[in-house]
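Please keep the sequence and the model in view while reading.

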Amino acid sequence: MYYLNLFKMPKAVVTKITSLQSRFFWGKSDGTKGMSIVSWSLIQKPKSQGGLGVRDLVLKNAALLFKWWWRFDKEECPLWKRVVCSCNKLDSKKGLEKQQMKNTRSLWNTIGNLRFSEAELFSIFYEGMQLQLGDGTRTLFWNNVWMKDGRLRDRFPNLYRVAVDKACTISDCSFWDGYVWRWGLQWRRALWLWEEQELSELQTGLTKVGIRQSEVDKLIWKHDKEGNFSVKSFLNVLYKNKNLGQEPNMFNFYNNLWRSLVPPRVEIFVWFVILERVNTKDKLVRCGILPTSEITCVICGKAPESVHHLFFTCEYAWKLWGSALRFWNILWVWAGDPRQCFESWIHGANRKGEKEDWMTTFFCCNLVSVET
Ligand SMILES: [Zn+2]
């Protein structure tokens, strides 16, 4: 982790570690590669977003390196920053994005050039950094993100084009008139009609801005309640932005799935059941591994063996569920696919003290179904 905190991991190392992780999940006991049953991107997605939470090393590495960007902008001038600025000929008062890395052999060259090498991640990171307005002396009116919906130069490109001072701070283009804060934006020429419309929209937004003379402008991370950057929150934002293709993008059941009520391997197994990614016979027939004639349930032999059948509606599985429900004295009907079954089960017991036992019953019945 120390290495990832300072250096960009070579692609060969990433490939090797990912291969070892994949082998751990899908490898057979004889060491050969087995069949993967969910996509690797879903394995890497955070549990809070429906995945298994095995972190993507490339994203984790990038998030750790971007933390230096945050610290460089946020921390005034601690010793480490003075040393870095001195060795790399950087200006400690300017953000890294405005500076050229002159020392190409320095590890800060890699960190500073992340804005080019990881341009997509950088734009997400940069968009998350927001200036909380104080007296307006450190916030660039057009170029910093200090209002909702991004930079003003992007939201009002026509006005930006004719602005006299494109690099002005907020305090440069506004002033106190007695107790009233007024804006004094200047244009290179008279505005056209469509520019006037943009100006009207801009002025409406500016009326909601509050200037606090007693405070300086403060950098905040908008994805955290306290405004502090953390690798975890940045990774969550990155995963939300990552396209997971056709994989199921899950909702709120994860809170009840990953509660440590049962051992992790049981939780993971039930996660596969809910996703319907267990190698039941219907799937093996679809893959051409089994002939169609062998699709019937291995337990009852009366219906095609799907995840829903094997774990919920097979007469033997149902006997198991029935005995559990008799214990709880509850009448129950399964509806929909395994995911909907789990969702409906979540709401089955609401009394305090009962909910955990009720949820554990679900895990146990799934496990015993497959052991049968
Ligand atoms: Zn059956």
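## A first residue

Is Glu276 buried, partly exposed or exposed? Glu276 counts as partly exposed because 18 other C-beta atoms lie within 10 Å. By the rule used here, a residue is buried if 20 or more other C-beta atoms lie within 10 Å of its own, exposed if 12 or fewer, and partly exposed in between, with C-beta atoms placed from the backbone.

The model is predicted, and local features need pLDDT of at least 70, side-chain atom pairs count only at pLDDT 80 or more, and totals for chains, interfaces and linings use all residues. Residues are numbered from 1 along each chain as its sequence is written.

## The chain as a whole

The chain contains 19 helices and four strands. These elements are DSSP runs numbered from the N terminus: helices are H or I with at least four residues, and strands are E with at least two. Buried residues make up 19% of the 372 residues.

The radius of gyration of the chain is 28 Å, whereas a compact globule of 372 residues would have a value near 21 Å. This radius is taken over C-alpha atoms, and the globule rule is 2.2 Å times the number of residues to the power 0.38. Along the principal axes, the C-alpha atoms fill a box of roughly 85 × 50 × 40 Å. The domain assignment gives domain 1 (2–119), domain 2 (134–216) and domain 3 (254–371); such bounds come from an automatic or database domain assignment. The centres of domain 2 and domain 3, taken over C-alpha atoms, are separated by 58 Å.

Helix α4 covers residues 57–74 and has 18 residues; from its first C-alpha to its last, α4 reaches 26 Å, close to the 26 Å expected at 1.5 Å a residue. The expected span is 1.5 Å times one less than the number of residues. Among the buried residues of α4 are Asn61, Trp68, Trp70 and Phe72. The buried residues of α4 pack against several helices, including α1 (2–6), α5 (79–88) and α12 (231–241).

The largest nonpolar core has 22 residues, of which Ala63, Leu65, Phe66, Trp69 and Phe234 touch the most other members. The elements giving two or more residues to this core are α4, α6, α8 and α12, and α4 gives the most, with nine residues. Apart from this core lies another, of 17 residues, among them Val270, Trp271, Ala317 and Phe362. A nonpolar core is a set of buried Ala, Val, Leu, Ile, Met, Phe, Trp, Tyr and Cys residues joined through C-beta atoms within 7 Å. In soluble globular proteins, nonpolar side chains tend to be buried together.

## Loops and a hairpin

Glu276 lies in the loop between α14 and α15, and its phi is near 60°, a positive value in a residue other than glycine. Lys89, in the loop between α5 and α6, has a positive phi of about 55° although it is not a glycine. Lys89 counts as exposed because it has 12 C-beta neighbours inside 10 Å. Most residues other than glycine have a negative phi.

Strands β2 (residues 174–177) and β3 (residues 180–183) pair in the antiparallel sense over four bridges; pairing requires that DSSP finds at least two bridges between two strands. Trp176 stands opposite Trp181 in β3. Two residues lie between the strands of this hairpin, and Gly178 in the turn has a positive phi of about 70°.

Notes
Two residues are in contact if their C-beta atoms, placed from the backbone, lie within 7 Å.
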